Amino acid sequence: MDRFADRRFGEFASELARDGLEWDAFHYRNELLFSPVFQRVSPPLIRWIADYRGRILSREIMSDLFARHFSCDIIGNGWRSMLDRHDWKALADAAKRSARPDPVPVRMRTLAGETRSGIVRMSLVVEPDEAPLWYGTIEDIDERYDCDRRALADALAESRQHYRWSVELSPQVPWTASVSGEIEEVGPRWQELTGMAPARARGRGWIDSLHPDDVDRTLAIWTEKLHSGDPVDVDYRLRLSDGGYRWMRSRASARRDAKGRIVRWYGTLEDVHAQKLAQRELADSEERFRLAVQSARLGIWDFDAVAGTRTWSREFRTMLGLSDTEPATSELALRLVHPDDRSRLAGMLDAVANGRMPPHFEATLRVHRADTGALRWIKSVGWSSFSDSGKPLRVIVTFQDVTEERNSEERIRWAATHDPMTHMPNRALWQTTLEEMTEQARRTGESFGLILVDIDDLKRTNDTLGHDAGDALLCGFAQRFASCAPADAMIGRLGGDEFGMIAPSLASSAALSAWSAELLGGVRAPYVHNGRSLDYGISMGGAVFGEHGEDAAELLKAADLALYASKSTGRGRLTLFQSQLRADAQQRSSMIHMARQAIVDDLVVPYYQPKADMRTGRILGYEALLRWQHPRTGVHAPDTIAAAFDNAELAVELTEKMLAKVVRDVDRWLRAGHDPGRVAINASAADFMQHDFADYVLAHLARCTIPPQQFEIEVTETVFLGRGAEQVERALHRLSSAGVRIALDDFGTGYASLSHLKQYPVDVLKIDRSFISNIEQDAGDAVIVDAIVKLGSSLGMEVVAEGVETVGQVEMLIARGCTIGQGYLMGRRYGPAPPRAISRQMESSADSENAIKQKFRAVEPMRSDRNLLQSDFQAIVTVAGQEIAEDKEAGAAI
């Protein structure tokens, strides 16, 4: 008897043993167990028992419904033929995971070859001293599953229809995106709008339909929202199928799972083109109104009669001298109005309050500004709007300052004779007064003194602190100048930073000197502007009528020459006219004339001074130095035409001449097969202002096919401080990017900031010769040189020492890391030598390091023999068959 029979009879015996057990209960229990009726109504089910290997040891069909579809031969491994192979693994995995796993859905093959849905339930039973067994059931749930499936399919179909109708009838375009922002789905209206297939829009393809100007902004917002998870709301223009654009509004929110993680983004695209155009028209209208009000310099007073609120525009507040925070009240308006006009304004305010204002009204009132107390004439024009019942709704009043119109004649007359900034007499009035005083002095035989005053370095204040600071400085000085002037003096601003004074009480040179000392003391204290101290100095030139001139023009010219002398000889002083000043002026005029003649007759000649490696003596390049050759007196240094460099026009023309000749020389040397290294040319601030200097230089190099790397531009620190600093910066960056090296000449002697070394593309720092000449004797110069070398090294710049003349200087420079030098010890200045001369020079530079050091050591004894040294620097250099003497000042300088 099997175990099931034992168990059933055991239970039967147990039931009989109970007190009060009735036979009916026993009878119906058997019915429950064996009645065939249950075979027909029970769910299609098989009970089974299997060993731990999965072989079915016993099975029992619990319903005829199961036998109708399936073979009952599942003993052993026969059950496998009924199930799919994937379901074998699913059952095995479930048995491995738990002794009582969750139900496992399976697909079962019927006798007819069909597939039906089933579910397997099982549990592991372990009895003492027996092998473990699996107890389970296989239930056919196909009919129930099929019913649920059909219901689900119907519901899904209905949902799809609902969605399709909702989407097709909606003016919006729905879309979804992944967690990373890639578009997954887009509504059908997308293609109707853009002509782009939905498949192309997926991922990041939709970006191609955006207006180019909106792409960066839209993607930035989208990226930010992807990280934050906040809702998206962004407007952009979308390209339509006809090529036009329309404004669209895209909104989206993130769907999250139970843990708050974003699962997907859901959004819509809405056409807001009409709203955008309306908003733009409104904004344009408001902007036009605002600009009209501003251009007309109108202030606005707006009274809302319904709300009882007053609003004053910023222009109106500025007109009244009020801050933006001052409350707009009737009491404040009455307080500012002139007492004689206050009753008129009170009547107007009362009419507004009681709704008795006419549709249009005008009035002109006098008003004291709240900040300065200045009296201004204000014209007001008002308009009132009313409801259909006649009640006032709004009152708009415009205000215009008409003080200038009422005082126009006086202002025009005053402006014609006064400087508007300092309120001093201008040159026209001052000159007229000078002529009148000159005529009167001639008639009476009396005298008077004239002083011209110039503010030193006002341009530097304008360039460094701004023109507002420069203007404030001018006004501040004008006040101090006026306070120091004698009571009988006529003072005026003659233009720019120049002022003048005529005083009968200062009729001698001694009186002028005494008064100038008083003025210098008065301006010594700095002027404070916006919390900033503005230091300045003045230069003065003086002349006395009768002593230095007999007419107005002559006297003014004498004072002007004296002023020029003060500015040239240290500034901060008074210079009285002397006859020598006129000679100096003539000399400057002669210099300018000679410079013009040198340009016209093409007398400019470049001389080349070598730059060498002080360790080996190898020549690395040359600096082209300007010389000019007079037809009779020979070669001249640039100091003979120094005044020309203060003239922007002449300075540019001299640079152009030098550039053309240097480029020509370098081209000849390169064509002859001789490489001179980098050749440097000096450029002034005027060169950068006159034309596009960078393109001008590069065009010259390109015409002669000279590599830009062969060229170097030297500028001084003052070039960075001019008004055209931005233009200089653009030109230097243009040259540097093309390969031209930029050298900062005379470093450490000007006013430039160290920030310029970062702002400008400086490749080379040239230490000024003033620091090199005393480096052996002056510890301060040695420290400065050391600092410049370290600074250049830290910034990756080449450092060149100028004016190297002794071996001791070479040794100190090399010890401090400066290996490149330029000066008479390195080599003399050479004229425009032909290729063979340059070749000889480069060949001589190829000496060994020891030989060069011996050469440097040999220089010291030569210094004692001045004649020998002088003759060495007076050597004759043969140039294209013509003998040109070397610069005479070379020997004199050493």
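**Exercise 1.** Determine how close the axes of helix 16 and helix 20 come and at what angle they cross.

*Solution.* The axes of helix 16 (residues 427-444) and helix 20 (residues 552-568) come within 9 Å and cross at roughly 120°; axes are lines fitted to C-alpha atoms, for helices over the stretch in contact, and angles run from 0 to 180 degrees between N-to-C directions. Helices (H or I, at least four residues) and strands (E, at least two) are DSSP runs, numbered from the N terminus. The model is a predicted one, in which local features need pLDDT of at least 70 and side-chain atom pairs count only at pLDDT 80 or more, while totals for chains, interfaces and linings use all residues. Residues are numbered from 1 along each chain as its sequence is written, and side-chain values use heavy atoms, with hydrogens and water left out.

**Exercise 2.** Find which residues of helix 16 and helix 20 make the contact.

*Solution.* From helix 16 come Arg427, Trp430, Gln431, Leu434, Glu435 and Thr438, and from helix 20 come Ala552, Leu555 and Leu556, where contact means heavy atoms within 4.5 Å.

**Exercise 3.** Work out the order of the strands in the open sheet of 5 strands, and which strands stand at its edges.

*Solution.* The order is 12-11-15-14-13, with antiparallel pairing; two strands pair if DSSP finds at least two bridges between them. Strand 12 (309-312) and strand 13 (360-368) each have a single partner strand, so one side of each is left without a neighbour in the sheet. Strand 11 (residues 298-304) pairs with strand 12 over 4 bridges, and threonine 309 in strand 12 is the bridge partner of aspartate 304. Helix 13 (residues 342-353) lies across strand 11, strand 13 and strand 15 (392-401), running at about 135° to strand 13.
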